[in-house]
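Let's take a friendly walk through a protein model and look at where its ligand sits. Have the sequence and the 3D view ready as you read.

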Amino acid sequence: MAKRFLSDLTWGDVTPEHVFMNRRAFMAGATALAAGGIAGQGFASQYSTEEDLNSWEEITQYNNFYEFGTGKSDPAEYAGALTTSPWSVEIDGMVDKPGAYDFKTIMDAMTIEERIYRFRCVEAWSMVIPWNGFELADLLNMAGVQDGAKYVGFETLLRPEEMWGQKRNFIPWPYREGLRLDEAMHPLTIMATGIYGKDIPNQNGAPLRLVVPWKYGFKSIKSVVKITVTDTQPEASWNMINPREYGFYSNVNPEVDHPRWSQASERRVGGGLLAKRIPTPMFNGYEEQVASLYEGMDLRENF
Ligand SMILES: Nc1nc2c(c(=O)[nH]1)N[C@H]1C(S)=C(S)[C@@H](COP(=O)(O)O)O[C@H]1N2
Ligand SMILES: [Mo]
């Protein structure tokens, strides 16, 4: 399989993305043969989309990470200042084994997979990103979720010496987010630790960040240092700042517009400014997997 793929390529074609694509095709075959996958690299997932990937440059130079400024190129310019090692994640609240979990200890215990997800920002741009990461459920199960728990809260690092944006207070720092427990335990919900098989760059939320592909991008909180399992709805930054515009759920929904713009379509980053907008699918294309979580709920009310 790998041979057939390689014969189409000349050396000039072998960009990092091509190498990755070959690995992707190879891994798909390898995964079918050996369920164990390949150590360290992560294996292709049944949850991944086949859509064209955004490039490494697009994914790592067009970002939202307000701790480093509000411009799309600010994170790539300034996030290098962030020290990501050592790093630990405090897991507390309604868990059997609360405590500070060292990042390396987490990585040793988790199975890293490749997940190619659509990613849809509430601002109506989107990308397709090949994440590497593990299911959040595995981490929560490691800590032992207790009966009666209903939600999971998350916090980003608070370190204004390294994150200059935190010296401006238009967001009540640290950045916070939350999910219902069933959303957090859903197999699509991951903690991403890599992109294109490389360690996740600081501007994308190193060393680990949440990715919830059926929700608007702001739910996917970066550089997580705290995870709290609780029975009350956690605070979420954008929801606290402007609850009329940003709901707690923030599921991607083409039928519920933002008060100031339509959510029916989106601009795929990299397509050029003149590229046609593409329709935004319900739950960002993950309807089949997640619609049952919201059965009986009014999604206009619970937006
Ligand atoms: N801590 C923190 N997490 C954050 C943000 C942020 O400003 N700070 N921005 C959010 C928004 S609005 C989006 S669209 C995504 C962007 O992720 P990306 O830069 O990796 O594409 O991160 C989300 N997570
Ligand atoms: Mo966003």
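Around ligand 1 there are 17 residues, and the closest are Asn63, Tyr66, Glu67, Thr156 and Lys222; a residue counts here if one of its heavy atoms lies within 4 Å of the ligand. This is a predicted model, where local features need pLDDT of at least 70 and side-chain atom pairs count only at pLDDT 80 or more, while totals for chains, interfaces and linings use all residues. Residues are numbered from 1 along each chain as written, chains are lettered from A and ligands numbered from 1 in written order, and side-chain values use heavy atoms, leaving out hydrogens and water.

Now look at polar contacts with the ligand (pairs of N or O atoms within 3.5 Å). A polar side-chain atom of Asn63 is 2.8 Å from a ligand 1 oxygen. The side chain of Arg209 brings an N or O atom 3.0 Å from an oxygen of ligand 1. With Ser220, a backbone N or O atom lies 3.0 Å from a nitrogen of the ligand. The protein covers 97% of the 540 Å² of accessible area that ligand 1 has on its own (Shrake-Rupley method, 1.4 Å probe).

Where does ligand 1 sit? Its place is the largest pocket, meaning that more than half of its atoms lie within 2 Å of the pocket's grid points. A pocket is an open set of points on a 1 Å grid over the protein atoms alone, where a 1.4 Å probe fits, with protein on both sides within 12 Å along at least five of seven lines; lining residues have an atom within 4 Å of a point. This pocket is lined by 27 residues, including Tyr175 and Phe218 among those nearest its centre.

Notes
Polar contact = N/O pair within 3.5 Å; in protein donor to acceptor, adjacent residues only side chain to side chain.
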